[in-house]
Amino acid sequence: MQNSPHTTLITSDAPVAAASHGGRAKCLQRLVRLDLPVPRTVALSFDTVRQIADGVMPDIDSILKQFDDNALLCVRPSSEDPDWGGPGAILNIGMNDARYVDLCDTLGAEAATALYLRFVQAYAVNVARLDPEVFDEISGDGAQALSQTLHAYEDDSEEPFPKKRAEQLAGVLRSMARAWEGTTARLLRQAKGAPVDAGLGLVIQEMIPGVGQGESGSGVLQIVDPATGQPQLTGRYLSQSQGRDALGAGSAALYLEKDARGRSLQDVAPKAFEALKDYATLMRQKLREEMQVEFVIADGQVHILDGVRVSRGSRASVRIAVRLAEDGIITRQEALMRIEPRSLNELLHRQVDPIADRDVLATGIAASPGAASGQIVFTSAEAQAMAARREPSILVRRETSPEDIRGMHAAVGVLTERGGITSHAAVIGRGLGLPCIVGASSMEFDTREKQITAPDGRVLQAGDIITLDGSSGQILDGTPALLEATLDDAFQTLMGWADAERDIDVRANADSPADAQTARNFNAQGIGLCRTEHMFFEPGRMTVMREMIFADKSTDRAAVLERLLPMQRDDFTQLFRIMQGQPVCIRLFDPPLHEFLPSTRTGQRELAEALNLPVSDVVRRAEAMREYNPMLGLRGVRLGVTVPEIYDMQARAIFEATIDASAEGAPVVPEIMIPLVSAKREVELVKARFDAVAAAVRAERGQDFDFRLGVMVETPRAALRAAEFAPFCSFLSFGTNDLTQMAYGLSRDDAGRFMSDYIRQGVFPEDPFHSLDTDGVGELLKLGAERGRAANPEITLSICGEHGGNPDSIAFCREAGIDYVSCSPFRVPVARLAAAQLAICHNISK
């Protein structure tokens, strides 16, 4: 039979493609090519369906000529990606009074009535747009119910139910085409990643009743567990049914395999059961995918209505891809390409069970993935007290500061009113693997009264239990069911394959020995950023730091810092030992000193008592050190130049730890990074002092060692003038968090208040703190990389901001010649997989 430009009979060689007719149509053609028992099917292309939505109908008679005169039909949607959805299927098109009489003779009155009733009600609701309540008053059953249903249709629509198959089919096609073009449908599919102009195809298929004489029914079958990805026959079958009725039939449905709990398809139709298993196995091998088989049995004979990719979560996706590769069905490279890197977050963290009920209080910015339930606390001290009692807590703050580090370690999740994707809470949360939601500005935070108010008026007090879904940004009331993290053998296998493919190194940002161990567990290739200031916020060290701040003379500051030296040395020694000879890049002290001073009257009084000073002295010093714009104030290398005793102490701690750790294992060559550089002279001054300290330690210990000095490029001037200080450096590491802030003149802690509006109105295509701005910040990065490498060809280039774990940003880094990226430990697997996929795509395009 000839195919028209509008309609295509699905045969093995028909011109059908997913891009023009949709995934369902293409899959049905593949099933036909496998000689599976697929009912006769006609496909309508995207263009045809668009024309139908505009009122231009195809030749309905020519479509119907491709089926027997008495055949009942069904119409199903066929979008390019099944996840984009589509209007529901309409079954039994062609039912009318005459056909009803015929089917009463061949299938029986009960089966014929069920077919007619189903079609009338579906047509009424989806095509005639009648209210489903029209049929609520229907009583009785059988022919009586059918008669009442037809009369209810006529009364409400003020016209008789259409009897001609052509008229019915035209109405169904028109309804489904227009439903796809509706505003709600468009927004829903765009939320799932569909483009604005995504097309819909339709498939018109001959109905196999699934009701009537002999063993008849319908069901679905798959040979894999969709939750775990393990081999397992799952599905349901329902006698005397159509479509996907079995999935909603509850206890009335039959099991597939023999089961002690009840009857099974294997019991009632063993030949059909064996045939279905064979078909599913063949589909897996030939379609190179785990497929769900939608089938119907008519008087014992199996018919395949459809085959769809098994719906699955992230943990099942990984195992399915690995098993297909291990079975030789797909290549390892294809297995890697089938996994969305960001989806690995669901394996690395606990998640809210997808089937759990969600009582959403509000939504903020999803800053750190994972889920956690706990009691609300409003201070770090309360979080630590809860942890001591082994009770989970959610730390709620307007915004976090370095003083909250211990509280964040103690809590199971963090919620803040302010902040963006690279705010303090977000960065630390990702580093700790802690679920974190920031920028929840739709809620009212009253930290004095210790309560938060949801947009709907619900008030939550300290001690109330909430759940944070850091993957979606939802704050939930109560404790929905959670799924535990899963790092099984399939995950490890996939990561091993990724490492074999990628051509860019991946390190981790780690601020403590615990972070370093996590980095090792995720096979990071070293530490790309160790923020040493976080080591100073332990209670015992905080007091010493405050003493140093109040010291007036250089010698007094050095004397106080001498007490911190062994603590820092122990920290670095542990890091070096854990990393076992892998590179460790230590960023020198960065924050302004005022962050170590208490801001509350109570804290100032406690500090005065600890230092034996009048409270007024503490207040005066705090006020004197306060800066109008701390981000651009006395911090980073500026502290190293003006208060050199801090860097001197850190240098000695690093060098002594290098000797101690090297004595027990592989030689350690620490990488020392100077933050916030903007001038060559800053590097010269710090380098001179470090060389002096290194010479002193070598002389005292009688042992030699090497170290690498580098610059953290996070000011625009540093990027532009990289050639000036590159000759003094072994590496340049681009701190894209601060570089983005300074390039945009935009505070990452405040951007969350308006960023969603900016993105919605097209000012920014994406949050520049989440995905690297390759045009603006990227140009600075490229210039810095090119000029730095021109002045020092041996220099190592990296990025160590949170962009290092973003797959899109990694693509830019490869193009810019970056040697490695560094990101939070829990984002390392995401970066490893993304880098592998980029390398595979690059090799394919050669």
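Author: Gladly! Let's begin with a definition: a charge sits over a ring if NZ of Lys or CZ of Arg is within 6 Å of the ring centre and within 35 degrees of the ring normal. Arg698 lies over the face of Phe705, at 4.5 Å from the ring centre. Arg189 is placed over the face of Trp180, at 3.8 Å from the ring centre. A word on the source: this is a predicted model, where local features need pLDDT of at least 70 and side-chain atom pairs count only at pLDDT 80 or more, while totals for chains, interfaces and linings use all residues. Residues are numbered from 1 along each chain as its sequence is written, and side-chain values use heavy atoms, with hydrogens and water left out.

Reader: How many aromatic pairs are there by the rule?

Author: Rings of Phe, Tyr and Trp (its six-membered ring) pair if their centres lie within 6.5 Å; planes under 30 degrees apart are stacked, over 60 edge-to-face, and the rest tilted. That rule gives 14 aromatic pairs.

Reader: Why is the pair of Phe119 and Tyr123 called edge-to-face?

Author: The ring centres of Phe119 and Tyr123 are 5.7 Å apart and the planes are at 65 degrees, so the pair is edge-to-face. Phe119, Tyr123, Tyr153 and Phe161 form one aromatic cluster.

Reader: What makes Phe119 count as buried or exposed?

Author: Buried means under 20% relative accessible area, exposed over 50%, and partly exposed in between (1.4 Å probe, protein chains only). Phe119 has 0%, so Phe119 is buried. Tyr123, at 6%, therefore counts as buried.
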